[in-house]
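Me: I am new to reading protein models. Could you take me through one part slowly, the charged pairs, and show me where they sit?

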Amino acid sequence: SVCLEAGSEFNSTNRELAVQEQNVQFDLVVRLHARACHISSEILWLLKGGFADAAQARWRALHEVVVTALFLLDHGNELSIRYFEHEVIESYKAMVQYNKYEPRLNVERFSEEELRECKMARDEALDKYGGEFKESYGWAAEVLNNKRPNFSNLEEAVELDHLRPYYKWASQNIHANVHGI
């Protein structure tokens with residue numbers, strides 16, 4: 001509750017200036033903070049309900065949010081814009097995958113026009129940022145000087161890579177590997 005209130009107060013106090021300055025970093029970090037507060041509430045309720053494995057899985061999500069927020073904070077507005085604009089990359093991938101399985105899902109597929117529009121936006125982003133932008137963490141490729149960055153690269157950059165064993169451990173009880181059963 002304290003973190004939620006502090007974040008809300010910070011947002012209220014600084015939002016107007018951030019909008020004036022077109023500070024995308026501010027907006028994204030505030031939104032990630034709100035997401036972290038929400039996930040923390042889920043963790044608390046799962047623990048109270050006796051679901052420790054599920055709580056640990058949500059901690060993994062919380063860790064991802066925190067690492068991403070810290071990484072954005074360390075690298076300014078330009079990287080935050082890249083992060084924000086990367087959404088079109090993920091949207092296009094999701095639309096293609098959705099349409100691939102449309103018959104088996106028994107849902108209405110994205111139209112060719114919708115797919116074409118999203119692909120055009122994706123292609124514009126690739127033209128703007130380069131081919132490595134198409135990767136899952138491509139928005140961080142330039143800053144990390146890595147054409148195929150991954151989440152562990154972000155962890156290292158914000159010096160939270162020492163939590164990697166816990167991050168991996170949090171997967172064991174939610175994935176179908178033999179260790180989890």
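**A close look at the salt bridges**

Reply: Happy to! In this predicted model, there are 11 salt bridges. Side chains of opposite charge can pair when their charged atoms come close.

D27 and R31 join their side chains in a salt bridge, at 2.9 Å from N to O. Both residues belong to helix 2 (residues 24-48), where four residues, about one turn of the helix, separate them. D27 is partly exposed, at 22% relative accessible area, and R31 is also partly exposed, at 46%.

K93 counts as partly exposed at 35% relative accessibility, and E90 counts as partly exposed at 33%. Salt bridges can also share partners: K119, R122 and D123 are joined into one network that way.

The side chains of E142 and R82 meet in a salt bridge of 2.9 Å, N to O. E142 lies in helix 7 (residues 141-144) and R82 in helix 3, so this pair ties together parts that are 60 residues apart in sequence. E142 is exposed, because its relative accessible area of 55% is over the 50% cut-off. R82 is buried, because its 8% falls under the 20% cut-off.

Methods. Residues are numbered from 1 along each chain as its sequence is written. This is a predicted model: local features need pLDDT of at least 70, side-chain atom pairs count only at pLDDT 80 or more; totals for chains, interfaces and linings use all residues. Side-chain values use heavy atoms; hydrogens and water are left out. A salt bridge is a side-chain nitrogen of Lys or Arg within 4 Å of a carboxyl oxygen of Asp or Glu. Helices (H or I, at least four residues) and strands (E, at least two) are DSSP runs, numbered from the N terminus. Buried means under 20% relative accessible area, exposed over 50%, partly exposed in between (1.4 Å probe, protein chains only).
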